[in-house]
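Work through the exercises below with the sequence and the structure at hand. Try each task before reading its solution.

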Amino acid sequence: MIEASEYIKGLVSNIDNKLEGEYNSADGKTYICSTKWSRVGKIITDSNNIKFKITEIVYDVYIIAEPIGGGVQVLDGIFYLSNPFFITGTKRATNMEWNLSDSNLENKLPLIWLLEVISETGYGKGSSIEKEIDTKLFFLDETDPSQYYTQDHREQVVIPMQKLMMEFLKVVDDDRMYKTVENYRYKTFSRFGVEQDTGVIENILDANLSGVALEITLTRFKENCKC
């Protein structure tokens, strides 16, 4: 019996980080139909392994990006976003493991965190369903509490994390081992932390993050057994 977290880890690993756009030399913009979880300040890499930094974005319309280190390269054709960093555990365990995983924050963002404990429902021999997995996932990225107003948090971070969440749901819907997702609940927050009526008083993880919390039931079918 495979643990539920391994199934979800597999789904996260199948999120497509590829983008495709067309550079317009007249205005210096790379036009793109789906920007996915792109955001200002993030690094994208083209098919020649040249890295660019996003300086301006209009979601699902265009991005403007500059080659790191200068040069005359332009962003055109196929390019790639950083893959999400996946981790699972309780709040305390996740914070410790996440801090130890890499000293460079950029290498572990955006973050997809599967919160323990996971509730599972198993099914008997007469059912085509293996299990139902009730779970909560967080899609998080860095924010700037010293510079951003609430609207800035939402425009600069929450919207890209909503898009990352939708890419995860797309993976589930495209995987025949899972039932198509019919409904889900999610919560957006401009600051990710312990909240009171006066606002956020403490970060849950040791970083300033914003994003989305997704509550979902995943229904996984049984694999055909030939033994």
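The exercises that follow concern a predicted model.

**Exercise 1.** Describe the chain as a whole: its secondary structure, its burial and its contacts.

Solution. Start with the elements: the chain holds 3 helices and 14 strands. Next, burial: of the 227 residues, 41% are buried. The accessible surface is about 12700 Å², and carbon and sulfur atoms hold 46% of that area. Last, contacts: among those with a separation of 6 or more, 65% join residues 24 or more positions apart.

**Exercise 2.** Find the residues that touch the most other members of the largest nonpolar core, and the elements that build this core.

Solution. The core has 41 residues, and those touching the most other members are Ile-8, Ile-44, Phe-139 and Phe-168. Elements giving two or more residues to this core include α1 (4-13), β10 (129-142), α3 (150-174) and β14 (209-221). The largest share, 9 residues, is that of α3. Now take Phe-168: beyond its neighbours within four places in sequence, Phe-168 contacts Ile-8, Leu-11, Val-12, Ile-15, Leu-137, Phe-139 and Leu-214. Another core, of 11 residues, lies apart from the largest one and includes Ile-87, Leu-111, Phe-138 and Leu-209.

**Exercise 3.** Locate Tyr-31 and decide whether Tyr-31 is buried, partly exposed or exposed.

Solution. Tyr-31 belongs to strand β2 (residues 29-31). Its relative accessibility is 33%. Buried requires under 20% and exposed over 50%, so Tyr-31 counts as partly exposed. On the surface, Tyr-31 forms a nonpolar patch with Val-58 and Val-61, and together these residues have about 210 Å² of accessible area.

Definitions and conventions: Residues are numbered from 1 along each chain as its sequence is written. This is a predicted model: local features need pLDDT of at least 70, side-chain atom pairs count only at pLDDT 80 or more; totals for chains, interfaces and linings use all residues. Side-chain values use heavy atoms; hydrogens and water are left out. Helices (H or I, at least four residues) and strands (E, at least two) are DSSP runs, numbered from the N terminus. Buried means under 20% relative accessible area, exposed over 50%, partly exposed in between (1.4 Å probe, protein chains only). Contact means heavy atoms within 4.5 Å. Accessible areas come from the Shrake-Rupley method with a 1.4 Å probe; for residues, only the protein chains shown count as cover. A nonpolar core is a set of buried Ala, Val, Leu, Ile, Met, Phe, Trp, Tyr and Cys residues joined through side-chain atoms within 4.5 Å. Patches are made of residues with over 30% relative accessible area and no salt bridge: like charges are joined within 9 Å, nonpolar side chains (Val, Leu, Ile, Met, Phe, Trp, Tyr) within 5 Å. A salt bridge is a side-chain nitrogen of Lys or Arg within 4 Å of a carboxyl oxygen of Asp or Glu.
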